[in-house]
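Trainee: Could you show me how to read a model like this one, step by step?
Mentor: Gladly; let us look at the structure together and take one feature at a time.

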Amino acid sequence: MKNTTNLLLLFLLITCSAFAQDFRFGKVSKEEVSQKKCPIDSSANAAYLYKSRRSYINYTENKGFHLITEIFERIKIYDADGFDHATQIISLYKSDSRSDSESYSGLKAYTYNLVGGKLEEIKLKNDGIFEEEVSKYRDHVKITMPNISVGSVIDIKYRVESPFLSNVDDFVLQTDIPIMNLEASFKSPEYFNYKINARGYLPISPNLETGNEKITFASKAQYGNSYGAYSGTGTTSRSDVDFRTNKYSFNLKDIPALRDEPYVGNIDNYRSTVKFELSYTQFPQSTVTNYSTTWEDVVKTIYKNDSFGSELNKSGYYDDEVDQLLASATNDLEKIALIFGYVRNHMSWNGYYGKFTDNGVKRAYKERSGNVAEINLMLTSMMRYAGLESYPVLVSTRSNGIPLFPTIDGYNYVIASVKSDNGFVLLDATSKFSTPNVLPTRTLNWEGRVIRNDGTSTTVNLYPSIKAKNTVSAMVTLDEQGSINGSIRTVFSNHNALKYREKYIGAEQESFIQSKENTYGGMEIEEFKVANDLDFSKPVMETYSFTKESQAEVIGDKIYFSPLFFMRDLENPFKLEKREFPIDFGYPSGSKYMINVVIPEGYEVESIPEPVAFSLPDNLGTFKFKITEGANSSVQLMMESDINSSLIPANYYKSIKTFFQEMVDKENEKVVLKKV
């Protein structure tokens with residue numbers, strides 16, 4: 001009897017264990033729907049109970065080799081903040097000509113809820129599926145799940161077919177919500193050699209399995225495209241070709257969420273991800289075709305593309321205009337400024353990224369509109385025509401991530417450069433407010449790759465060395481009720497000027513002023529003026545007068561106030577105990593405040609904060625703060641803060657956090673006035 005009982009218990013344990021791991025579509029349990037909190041993260045608003053991706057290259061005689069991806073996900077909603085995860089997007093890529101495009105099929109999805117103790121299943125219907133064209137290269141299928149409530153569990157599955165074998169979507173192994181169980185695999189025939197590039201902090205160790213498969217094809221068929229599709233007519237017999245396959249599998253559990261933090265840049269740079277990059281292809285009785293084995297291969301592949309190198313070398317369509325433009329130029333710096341200004345003003349960016357042209361530089365120049373490559377390859381060509389040593393620079397934008405390994409897909413943008421005695425002058429004429437060496441923020445992402453004429457390349461730091469400054473001068477009068485009025489002048493330079501122009505130029509001034517008033521909590525602004533907004537050779541200067549109530553505490557016969565008033569920082573942006581990611585400020589910056597405060601009549605200064613000066617290690621940043629009593633019943637503040645590096649390694653995080661906290665604390669210290 002005892003042995004029978006033990007066997008029964010063992011059977012139940014095995015059955016329960018098998019049930020717990022039985023992630024089949026539509027087999028959702030009451031226990032999953034009843035679960036109140038995520039077992040590995042009680043703060044999670046949602047979690048993947050199961051996330052599966054199976055990608056493999058499949059062959060059919062009429063299409064050749066295609067990439068198939070099968071997705072199955074089970075998502076648990078823990079609270080209302082997790083409702084966003086009930087909306088899913090399938091992203092489908094298509095070529096410019098639309099002759100090749102990705103497609104989806106087999107979409108099925110259900111929402112599961114507990115109603116009266118019973119499991120309720122609600123099927124996704126057509127009215128919850130929305131197809132939209134995002135751009136000429138991308139379509140989205142938006143899925144909105146029905147009957148979502150706190151506690152819901154979602155099952156969703158679909159299949160995507162793609163002809164783009166060199167562009168395998170990243171295997172994302174970490175998301176902004178926890179993943180309890182993850183299974184992923186990628187299988188390819190021996191004809192396609194892929195490199196595996198991994199990033200992130202999870203310990204990832206794929207399992208490799210080799211296998212054997214076969215293709216059945218017509219005897220008269222020939223290899224007809226770059227991915228081995230067969231073509232031919234008049235077939236009389238069929239035969240088999242055996243080939244070897246490589247399958248990489250990932251099986252992970254209890255993956256923590258990756259949450260965004262201040263000054264990260266692009267959090268995806270640190271997300272645990274695996275990229276399968278096509279390195280080369282070799283079909284039977286064919287030579288090797290390299291794609292991205294080394295940086296030299298990458299550069300040559302891009303340069304030889306008709307939409308890059310050939311377009312870069314086109315000329316003759318701008319000669320007269322450039323000749324006239326350069327008639328007054330006396331040196332290379334003037335040539336750079338004149339040509340850059342001309343292209344920036346003559347061309348309009350159509351909003352499309354890309355290292356390759358769409359319609360070509362000549363057509364873009366004629367129509368005065370083009371994508372990134374058309375505008376900046378045109379700019380490079382004009383610089384060369386003017387006798388300058390100019391090269392295109394491949395860039396991965398901040399939203400695209402960092403190309404850590406030799407990769408073609410890792411670059412999605414191109415800018416221009418001119419070699420000078422002090423290094424490279426970097427130029428991007430897609431931005432109407434950019435200037436030489438002041439690139440739009442989207443391009444400030446580690447390093448770019450300069451492509452030389454001989455097909456070699458070198459890297460260049462995209463982060464600027466010139467500091468962006470805000471210099472604030474304010475005259476403030478404080479009354480005995482704690483209200484203030486006065487005037488402010490702020491000067492914005494370099495990237496701060498670029499950002500200001502992006503917001504100000506083209507905006508309605510009334511709306512711009514109202515936004516500033518709202519930012520400062522209902523402050524009233526008058527006599528608002530902006531100087532040098534269209535003169536890019538000078539910093540932008542903003543001036544206005546203001547009034548604002550409740551800027552000091554009046555307690556008895558004393559008044560307490562921070563001389564920064566509404567301009568002070570109220571909290572430290574860095575709150576985590578530790579951090580694994582670098583602190584990405586985008587560019588070095590500094591601010592300087594010179595504030596004169598006239599105190600109310602009948603009051604005198606009782607105490608002022610002590611002056612301080614402190615710095616970050618290795619001259620990464622400095623802070624100075626000093627308040628003095630001035631003549632005619634006033635106090636004067638002089639405060640300067642500087643961050644001297646665009647990117648600061650994570651090992652400095654503790655120092656950064658302390659530095660910012662001490663700044664916030666000092667900015668909020670009070671001047672104390674007493675009635676006389």
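**Reading the chain, from surface to strands**

Mentor: We can begin with the surface, where the chain exposes about 33100 Å², and carbon and sulfur atoms supply 47% of that area. Please keep in mind throughout that this is a predicted model.

Trainee: What is the mean pLDDT of the chain?
Mentor: The idea is to look at the predictor's confidence in each residue, which pLDDT gives from 0 to 100. Here the chain has a mean of 91, with 93% of its residues reaching 70 or more. Over residues 1-19, however, the pLDDT is below 50, and this stretch has 2 contacts in the model beyond near neighbours in sequence. Residues 229-235 also have a pLDDT below 50, and for that stretch the model shows 25 contacts beyond near neighbours in sequence.

Trainee: How many residues does the chain have, and what share of them counts as buried?
Mentor: For burial, we ask whether a residue has under 20% relative accessible area. Of the 676 residues in this chain, 48% count as buried. As for extent, the C-alpha atoms fill a box of roughly 105 × 90 × 50 Å, taken along the principal axes.

Trainee: How many helices and strands are in the chain?
Mentor: The secondary structure comes to 11 helices and 38 strands. When we then turn to contacts between residues at least 6 apart in sequence, we find that 71% of them join residues at least 24 apart.

Trainee: Which strands pair with E10, and in which sense, parallel or antiparallel?
Mentor: Strand E1 (residues 46-60) is parallel to E10 and joined to it by 7 bridges, and among the paired residues are Ser55 and its bridge partner in E10, Phe186. E10 also pairs with strand E15 (residues 238-255), in the antiparallel sense and over 10 bridges, where Leu182 has Leu252 in E15 as its bridge partner. Strand E10 itself, residues 179-189, is mostly covered, with 9 of its 11 residues buried.

Trainee: Which strands pair with E32?
Mentor: Strand E25 (residues 468-478) pairs with strand E32 (residues 589-598) in the parallel sense over 10 bridges, and the bridge partner of Asn470 in E32 is Ser591. E32 pairs with strand E36 (residues 634-643) in the antiparallel sense, again over 10 bridges, and here Val597 stands opposite Val635 in E36.

Conventions
Residues are numbered from 1 along each chain as its sequence is written. This is a predicted model: local features need pLDDT of at least 70, side-chain atom pairs count only at pLDDT 80 or more; totals for chains, interfaces and linings use all residues. Side-chain values use heavy atoms; hydrogens and water are left out. Contact means heavy atoms within 4.5 Å. Helices (H or I, at least four residues) and strands (E, at least two) are DSSP runs, numbered from the N terminus. Buried means under 20% relative accessible area, exposed over 50%, partly exposed in between (1.4 Å probe, protein chains only). Accessible areas come from the Shrake-Rupley method with a 1.4 Å probe; for residues, only the protein chains shown count as cover. Two strands pair if DSSP finds at least two bridges between them.
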